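Visitor: Could you walk me through this one? I'd like to see the chain before we get into numbers.

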Amino acid sequence: MYICPKCSENLIKINNTMKCRNNHSYDVSADGYVNLLMNNKKSGVHGDNKKMISARRKFLALDHYSIIVDKLCELIEVFCKQNFINSPVILDTGCGEGYYSNNIFSKLSLHLNNVVIFATDVSKDAVKFAAKSYKNINFSVSSINKLPFSADSFNIVLSLFAPLSESEFNRILKCGGILITVSPSENHLFALKSVIYDTPYKNNSSNFKPKIMEKCYEETITSDMHLNNNQEISDLFAMTPYYYNTSDSDKEKLKTISELDTEIGFVFNVFYKPNNT
Ligand SMILES: C[S@@+](CC[C@H](N)C(=O)[O-])C[C@H]1O[C@@H](n2cnc3c(N)ncnc32)[C@H](O)[C@@H]1O
Ligand SMILES: [Zn+2]
């Protein structure tokens, strides 16, 4: 399943080390994740930082976004039923601090035997945090541009609010396997943006237009969310991409509110890998 990021040979786990036949080796951490990221930046910082990760962990733990888990499990269960798959092998790419990987595992395991979930993110801090809490998931550090998995490994790949790489997803999916992406809908968090910006913009729709994979389903779900304290509102804001593009004076505006009612909305797209690729 795991392949060596240096030579692409299979990795075999021996005690707490993963090794390929060319003797490249990678330690499995005490928390159980493996770092298979090549081209480490000098700063060592990739993807989300600790502040975003901890804000996301606190906000997601409130389960305001549990409708995403429910919809993903519904889509996965329908796919498994239609394809007679009892033990799906799933990869969550750009998994962040692991909330979705873990909750999907728990919910799917109520109905399916032996669900196997791998999850990976370019942020070592996020993966470290995830692996500490969620012991049922196989976590690794890697980039979606060079996924350390052999070809035809997965029934399902998930990409939730994360960057996409069609060629890598297509390579690691089994024929007939599916990629499920989730992105924010047009009006997602519009009321939050209205507090901060004089002219808030709606979200753009996803510009992912795959060349090999074929789209087979799209659905948007929306709901109303009520937050009743400033900490929850700040955590929500700190896990959004707007946080780093907003001036300090605009950020200050959020400190003045203690409640927020906003629409939340998520677009689910499903693409499948045709049999002839
Ligand atoms: C908005 S967060 C979403 C995290 C998680 N899927 C969730 O919904 O809670 C985007 C994630 O993508 C990760 N990411 C960014 N660039 C990446 C890359 N090239 N390869 C893998 N992950 C990446 C970030 O570190 C971050 O954890
Ligand atoms: Zn190797």
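Here are a few questions and answers about it.

Guide: Quick ground rules: this is a predicted model, where local features need pLDDT of at least 70, side-chain atom pairs count only at pLDDT 80 or more, and totals for chains, interfaces and linings use all residues. Residues are numbered from 1 along each chain as its sequence is written, chains are lettered from A and ligands numbered from 1 in the order written, and side-chain values use heavy atoms, leaving out hydrogens and water.

Visitor: Which residues in the largest nonpolar core touch the most other members?

Guide: A nonpolar core joins buried Ala, Val, Leu, Ile, Met, Phe, Trp, Tyr and Cys through side-chain atoms within 4.5 Å; buried is under 20% relative accessible area with a 1.4 Å probe, protein chains only. The largest one has 59 residues, and the top touchers are Y65, I104 and F139.

Visitor: Which helix gives this core its largest share?

Guide: Helices are DSSP runs of H or I, at least four residues, numbered from the N terminus. Eight core residues, the largest share, come from residues 66–82, that is, helix 2.

Visitor: At roughly what angle do helix 1 and helix 4 cross?

Guide: Axes are lines fitted to C-alpha atoms over the stretch in contact (heavy atoms within 4.5 Å), with angles from 0 to 180 degrees between N-to-C directions. K50, I53, S54 and R57 in helix 1 meet D125, A126, F129, A130 and S133 in helix 4. The two axes come within 9 Å, and the crossing is at roughly 35 degrees.

Definitions and conventions:
Buried means under 20% relative accessible area, exposed over 50%, partly exposed in between (1.4 Å probe, protein chains only). Helices (H or I, at least four residues) and strands (E, at least two) are DSSP runs, numbered from the N terminus.
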